[in-house]
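Thanks for making time this morning.

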Amino acid sequence: MKQSRTFIPTMREIPTDADIISHQLLLRAGYIRQHMSGVYSFLPLAKKVIRKIESIIREEMEAIDAVEIFMPTLQPSGLWEESGRWSSYGAELFRLKDRHDRQLALGPTHEEVVTSLIRDEVKSYKKLPLTVFQIQTKFRDEKRPRFGLLRGREFIMKDAYSFHSSKESLEEKYNEMMQAYSNIFSRLGLDFRTVIADGGTIGGDGTHEFMALSDIGEDTIAYSDASPYAANIEMAEVNTEYVKSKETLKELVKVDTPGQRTIADVADFLNVDPSKVIKTLLFKADGKLVVVLSRGDYDINEIKLKNALQAKDINLATESEIEEMLACKAGSIGPVKLPLDLKVYADFAVEKIVNGVCGANEDGCHLMNVNPERDFAIERYLDLRYIREGDPSPDGIGTIRFAKGIELGHIFKLGTAYSGPMKATYLDENGKAQPYIMGCYGIGVSRILAAVAEQHHDANGLKWPKHISPYDIHLVTINSKDEAQSKLSDELYHLLKSYRYDILHDDRDVRPGVKFTDADLIGLPVRLTIGKKAQDGIIEVKFRGTGETVEWQKEEVTEKLQAYFG
Ligand code: 9G3
């Protein structure tokens, strides 16, 4: 392709409204342009990368018998009524009306659509398992779109859905998907981790996310420095062995702590370590009040609490609810002599506290020498705290470290979460109607473009891994008006085309410096420069990945390129 004929609007200046390097570079190198918040056009170079990403995904999906379909973006609200999600989703769901005033959704995902499609067609267990996938545009009205393609309001997703007549069959497909996702992210040249994750509102038993390591990632990964263990921090289990002190239990005593509100204030004021303070929180689990205790130096992980209590909805009680309930401020509540018969759950760390401190349920007072079991009852000890760097890895091997990650894939065991409410059934071998057991598997295709750019760039621009680069070779002619240079350029272009290389030929009539700056920005893996030495058949070669520059004779170019591209 002649660069003078294509559409690559490179920019010198750094765009002010792009906060992360991948967003800046994709704009400056002429890959994308924004139309409005969270909505982008993919220009020719980005379209070519997206196409290569998609073809890698297709290969790996088809290799595990997933068959490609293409479902509509326009979704009838009736299907969302059936699943109960029309009312449970709020502003994030794009809703519209057609000319007959019928309510529609712009698809943010396709569980409802695919379940209705399959339930109308697949009636017998003999047709199962069946896995379908699509690569398609999704719409989610994000409150704060940001970081370019990483969090858009219209984006490309590969979403797959599998249908099974048994849990074992789902397990098998789920594991095949795990492996296929590993293959995909490896082939994309990404440094990624497979992490144990939370299923969110979908629930189900266990999900996995695929995280590209990046400091600008929104997720925190807790991983072991000596084993493959890795989990989204929301889900990382804690199996720390706490040591109970040998000190004898002392008499409970109430002390004045005027104006001391936070754990740190109280610990300082009473001259005790925060690990001796019992932090008491009041939550509403599906509207029911529960008391949750944590050791003063730890934090309660609300996702763990929600999962442990099997609540759909969990949130902290408000200040006013606390004062109304306990007649004191949040900073003074404690588990001793609670005025109400509230259930008290505690993180495991609380069990080993001896002669601790807690709120007295009276403003300006605290209790000292508090001992669990003796001074207050516990409904159940649970793993409720956030894991911390330095904790032992839950698998017992190594120590936990944190890293930031960009979620690129997320796979779920859905069970009958959709086939149940939507009455999507097949007839089993006894002729009995059974709801499909389902799985769903997503990959953020357009998000991958940004994640690869985040992991593969330098100060001068992008550096594409060779298998997804928009072109294989950047052929730069210094002076197209020079006979020898244009002759060698055309000769080389046609020769390399015959070797099936994809070439971007910078034939523009601009200064060499502009050509080199643009080539570094655009980030193709190999740059062949045709300059003064053209009459001697000598080509200057620059490898974008390493920056290495060498000279080749024109006769050796194809053999050397084959060595590089493999
Ligand atoms: C919505 C809106 C936003 C959403 C969803 C529904 C996320 C929603 C979760 C999933 C689960 C999987 C299949 C592919 C892989 C991910 N955001 N999710 O269901 F209405 Cl507005 O999408 N779906």
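**From the chain to the ligand site**

What you see here has 13 helices and 31 strands in its chain, and please keep in mind throughout that this is a predicted model. Along its principal axes the C-alpha trace spans about 100 × 65 × 45 Å, and of the 566 residues in the chain, 52% count as buried. If we take the contacts in the chain with a separation of 6 or more, 69% of them come from residues 24 or more positions apart. The accessible surface comes to about 25,800 Å², and carbon and sulfur atoms account for 51% of that area.

The chain is divided into three parts: domain 1, made up of 16–237 + 401–454, then domain 2, covering 253–382, and domain 3, covering 471–565. The centres of domain 1 and domain 2, taken over C-alpha atoms, are separated by 39 Å, and where these two domains meet, seven residues of domain 1 are in contact with five residues of domain 2.

Let me turn to the ligand. Which residues come nearest to it? Of the 17 residues around the ligand, they are Trp80, Arg85, Thr109, Glu111 and Arg140. Two of these arginines face oxygen atoms of the ligand: a polar side-chain atom of Arg85 lies 2.7 Å from one ligand oxygen, and for Arg140 the corresponding distance to a ligand oxygen is 3.0 Å. Glu111, for its part, has a side-chain N or O atom 2.6 Å from a nitrogen atom of the ligand. On its own the ligand has 510 Å² of accessible area, and the protein covers 90% of it.

Finally, the histidine, His410, which lies in strand 21, residues 400–415. Is His410 buried or exposed? It counts as buried, because its relative accessibility is 11%, and the cut-off for buried is under 20%. The side chain of His410 makes a polar contact with the side chain of Glu407, at 3.4 Å. Leaving aside residues up to four places away in sequence, His410 also touches a set of residues that includes Tyr181, Asp198, His208 and Phe210, as well as Cys440, Tyr441 and Gly442.

Conventions. Residues numbered from 1 in each chain as written. Predicted model: local features only at pLDDT ≥ 70, side-chain atom pairs only at ≥ 80, totals over all residues. Heavy atoms only, no water. Near = heavy atom within 4 Å. Polar contact = N/O pair within 3.5 Å; in protein donor to acceptor, adjacent residues only side chain to side chain. Areas by Shrake-Rupley, 256 points an atom, 1.4 Å probe, with all protein chains shown as cover. Helix = DSSP H or I, 4+ residues; strand = E, 2+ residues; numbered from the N terminus. Buried < 20%, exposed > 50% of the residue type's maximum accessible area, 1.4 Å probe, protein only. Contact = heavy atoms within 4.5 Å. Domains from an automatic or database assignment.
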